Amino acid sequence: MAFIRRKERSRERFSLLLLDLEEYYFEQHTAYHMTGNGSSSLPNRYNQGSLKICSKSVIFEPDEVNKPILKIPLKDCKRIEAVEENEGNPFKETKPACILVETKQVYLIKEGDVVAPYKYERGERNVIFQLDMPLKTEDVVQTLLQLHRASCLDKLGDQTAMIAANLQSRLARTSFDKNSFQSVTERPHMECEAEMVSPLVTNPGHVCITDHNLYFQPLNSYPDSVVQIGLHSVRRIYKRRHGLRPLGLEVFCTENDLCSDIYLKFYNTKDRDELYYYIATFLENHITEHTAESYMLQWQRGHISNYQYLLHLNNLADRSVNDLSQYPVFPWVISDYSSPQLDLLNPASFRDLSKPVGALNTERLERLLERYRDMPEPRFMYGSHYSSPGYVLFYLVRVAPEHMLCLQNGRYDHADRMFNSVGETWKNCLEGGTDFKELIPEFYGTDSSFLKNLLSLNLGRRQGGGRVGDVELPSWASEVDDFLQKMRAALESQHVSEHLHEWIDLIFGYKQRGSEAVAAHNVFHPLTYEGVIDCDSIDDPDQKIAMLTQILEFGQTPRQLFTTPHPQRITPRFHSVSSGTSLSTSPNDLSPASPSLDSFEDLTEESKTLAWSNMNKLALQSSHKIHKEVVTGIAGTLSGTSIFSTSQDSTLKMFSKEGGGLQRSISFSNMALSSCVMLPEDKTVVCSSWDNNVYFYSIAYGRRQDTLMGHDDAVSQVCWRDNQLYTASWDSTIKVWKCVAADISSNKRAHFELLAELEHESGVNTIALSPAGTLLASGTKEGSLSVWDIASCSLLHQIACHSGKIHQVAFSPDSRNILSVGEDSCLKVTDVQTGMLLSTVPAEDEQRCFCWDGNTVLSGGQSGNLLIWDLLSSKVIHKIPAHSGPVTCIWMNEQCSSVITGGEDKQIMFWKHQY
């Protein structure tokens, strides 16, 4: 799971989870636990191990892993003193050698090296330890006596204050050890005290930040003497609330949104903010901290998934896997856990996302509202929260048993109250009087270990006699990985995408508080809301600690991110696809016109050569402003009578070249279309979209024929050859699909078989097939050019070609070279066989698109002009005024005799040679 660190420390069984909540681990000493009374019948035995001095207990970890760890709570101790060792020689000075602890209770933990509920030995007894360095005995005893006095104080506030004073004294007597610097040339910027936070525990120490690294040095050198994070590796930083106060800072060095590299809690906000701004200012490539609104826009347009969006919102709302009282919260989305098959096309399979869990059962809600109406102010509808440390560990006990034991004083919950069954848990959330919990991200992840008892834990027996083992899955799940896969599919389904904004309104939005929360039956205990209680204003230390403990254990409502209704996600609504055809029009009347002798130009290779040699004689035939946004793609029928164009206005337009008018306008979704290609026989147009889908439009039937939902981000371009469709996407992949044109054109429901997936390191912006269809070239957002062998789907070359995004790539007619244009305003020619960059031709302005014959290039750029280049001389030989803004796409028919361009001025322009 996210916070379970897989790195095991050799032979070490101790962890901070053995401490009580809000307890500190101060120091450790090599020592011996002495057993026996020295008699012949019971001789002394010395068990070597490590003695841990903590703020509320003494813990002894024996070196022998099968022996139990001993934990002695200081509040249960009656006497702590040094025992003098006297060897019977009156002339030899006695010295303190042993530590005697008289106690009423000892905890035995991990006996046999097994994680299990703690055992207790009750009754007065003496426990004796001998330090490996006897001279330290007196100091350790004095420390224990001081901590023992704190533990025996009547008031919890006084106890906490005395322990805090001890901690601050230790921090003041020490400082960061600069010998830990990675380099002697590092210059420190600031030092301060802080605590490293992990679930249920904190570890105090010293923070130091230099011009190269962030360091944290634990006071107790546990688990390592120093934690070091290179500033250049930091990707994201978040300010956090910790204990309801603005003291936290979480640092991420990867794009994993769930698990951070370090979470620090400072003792004052000033230190936290100074460190935050230093890191943010230091990072040259620092990613600007996104707002909820910016992520909302990306999600609404389909640029990020539902799962990613929920993670981002949790992050922005102070939810962290390092803080179990503010663990990321995810919704129940499925309501059917009993059917043998899960139908994600049936709305009845889903939970009503417009209601909180407590309002899903009408009968239960009526009982809760009746109690709510009779309740004095401040009133609340639900006595428990939808997210709390107990609920998180309820789900994760099989992978985080030590966390559960820490939270519940060394015990597991009763076996019948464990997470035994997904269906039972959902039923209890619907019907139980006090159970309103939501889910956690793990239910939509890929790690299924939390559903299986892989550690063979003894979690108890249920009333029926059966042991608690693996979680019982719904009958529609064949095994745990299948269960998670179907949960992910449900979360990303069309139904959830259309309704997720309603749940966001409840948890992060305008229905979280006030009259809207009351109307939505979404009112929880006042202590769970940020800002309701100011702990710093409470003078009584006992009352303050009790209030804080109650808040942290009860759970906290996320920070409110939206105060107005959250917009719905833009999702394809295929039933409402529009077209310009009448419902009474026959499909036969819509078939493309047969090519006439006048419209079909049978040019030979010599004629193509003639066309390219006279490219400077291109003349504008007509221009048409048929789109409302940038034109992104153009495709024409073989006859040249019908032209199709796509645009960022989300429409596919069908234009009659002969009639000079718009014939149809088709919208598949509210997202931009990025490219289009005509399939053989001129019966189907394939369009790529920013909504991650590829659409197939039947010209004959005037409707969407099929949809391919194949990517996790925008599809940037498509191309087709020999019954294979190639789709490029910003999700950093190209996917190769079996796509039989005859099946699609015959109105059959196509089966798109995924043949290959070509991985890239960044988003793919453009692709092109070689004339023979044996090679594929791709250009990425980061300027990388890749050449792929189609038969084996293997990477032949990967070249760092451009310093910015590559706009377009294309093979020469003989497939020997690839031409590319990019954001760096250069035209570059690459040798296909060697991957060597052959030439770089700088342009006056950024070129966006082109056609070429291997030597002559027709390109369109930012200026709006069409440029004709001679690559041998690396010069522009002709300039043709064209669009009033950047030229974004160029289409040329097979005979090279007709050219059509599209631009940011929303126009398409028709060009012809004038010989």
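Buried, as I use the word, means under 20% relative accessible area, exposed means over 50%, and partly exposed is in between, with a 1.4 Å probe and protein chains only. By that rule Asp 211, at 13% relative accessibility, counts as buried.

Two remarks on the source. This is a predicted model, in which local features need pLDDT of at least 70 and side-chain atom pairs count only at pLDDT 80 or more, while totals for chains, interfaces and linings use all residues. Residues are numbered from 1 along each chain as its sequence is written, and side-chain values use heavy atoms, with hydrogens and water left out.

A salt bridge here is a side-chain nitrogen of Lys or Arg within 4 Å of a carboxyl oxygen of Asp or Glu. Side chains of opposite charge can pair when their charged atoms come close. How many salt bridges does a search of the whole structure find? The search finds 33.

One of them joins the side chains of Asp 211 and Arg 187, at 3.7 Å from N to O. This pair links distant parts of the chain, 24 residues apart: Asp 211 is in the loop between S9 and strand S10 (213-218), and Arg 187 is in the loop between H2 and S8. Helices (H or I, at least four residues) and strands (E, at least two) are DSSP runs, numbered from the N terminus.

Next, Arg 559 and Asp 318, whose side chains meet in a salt bridge at 3.0 Å, N to O. Arg 559 sits in the loop between H13 and helix H14 (605-613), and Asp 318 in the loop between helix H5 (306-316) and H6, so this pair ties together parts that are 241 residues apart in sequence. Asp 318 counts as buried because its relative accessibility is 2%. Arg 559 is partly exposed, with a relative accessible area of 29%.

A further salt bridge is formed by the side chains of Glu 681 and Lys 683, at 3.6 Å, N to O. Glu 681 is exposed at 58% relative accessible area, and Lys 683 is partly exposed at 34%. Salt bridges that share partners also make one network out of Arg 240, Arg 241, Glu 250, Asp 318, Glu 530 and Arg 559.

Now helix H2. It runs over residues 156-173, has 18 residues, and reaches 26 Å from its first C-alpha to its last, close to the 26 Å expected at 1.5 Å a residue. The expected span is 1.5 Å times one less than the number of residues. Which residues of H2 are buried? They are Gly 157, Gln 159, Ile 163, Asn 166, Leu 167, Arg 170 and Leu 171. What covers them includes strand S1 (25-35), helix H1 (137-151), strand S8 (188-198), strand S9 (201-210) and helix H13 (541-554).

On to the nonpolar cores. A nonpolar core is a set of buried Ala, Val, Leu, Ile, Met, Phe, Trp, Tyr and Cys residues joined through side-chain atoms within 4.5 Å. The largest has 103 residues, and Phe 443 and Phe 508 have the most contacts inside it. Apart from that core lies another, of 28 residues, among them Leu 51, Phe 129, Val 140 and Leu 147. Contact means heavy atoms within 4.5 Å. Leaving aside neighbours within four places in sequence, Phe 443 is in contact with Tyr 395, Phe 419, Phe 450, Phe 483, Leu 484 and Met 487.

Two loop residues come next. Tyr 382 lies between helix H6 (362-373) and helix H7 (389-396). Why does Tyr 382 count as buried? Its relative accessibility is 0%. Not counting residues up to four places away in sequence, Tyr 382 touches a list of residues including Pro 356, Leu 368, Phe 436, His 521 and Phe 524. A polar atom of the Tyr 382 side chain lies 2.7 Å from the backbone oxygen of His 521.

Asn 453 is in the loop between helix H9 (422-431) and helix H10 (480-491). Asn 453 is buried, with a relative accessible area of 15%. With residues up to four places away in sequence not counted, Asn 453 touches Arg 398, Val 468, Gly 469 and Asp 470.

Last, Asp 343, in the loop between H5 and H6. At 38% relative accessibility, Asp 343 counts as partly exposed. Asp 343 and Asp 374 are 31 residues apart in sequence and 42 Å apart in space, C-alpha to C-alpha.

Technical notes:
A polar contact is a pair of N or O atoms within 3.5 Å; within protein, one must be able to donate a hydrogen and the other to accept it, and residues adjacent in sequence count only if both atoms are side-chain atoms.
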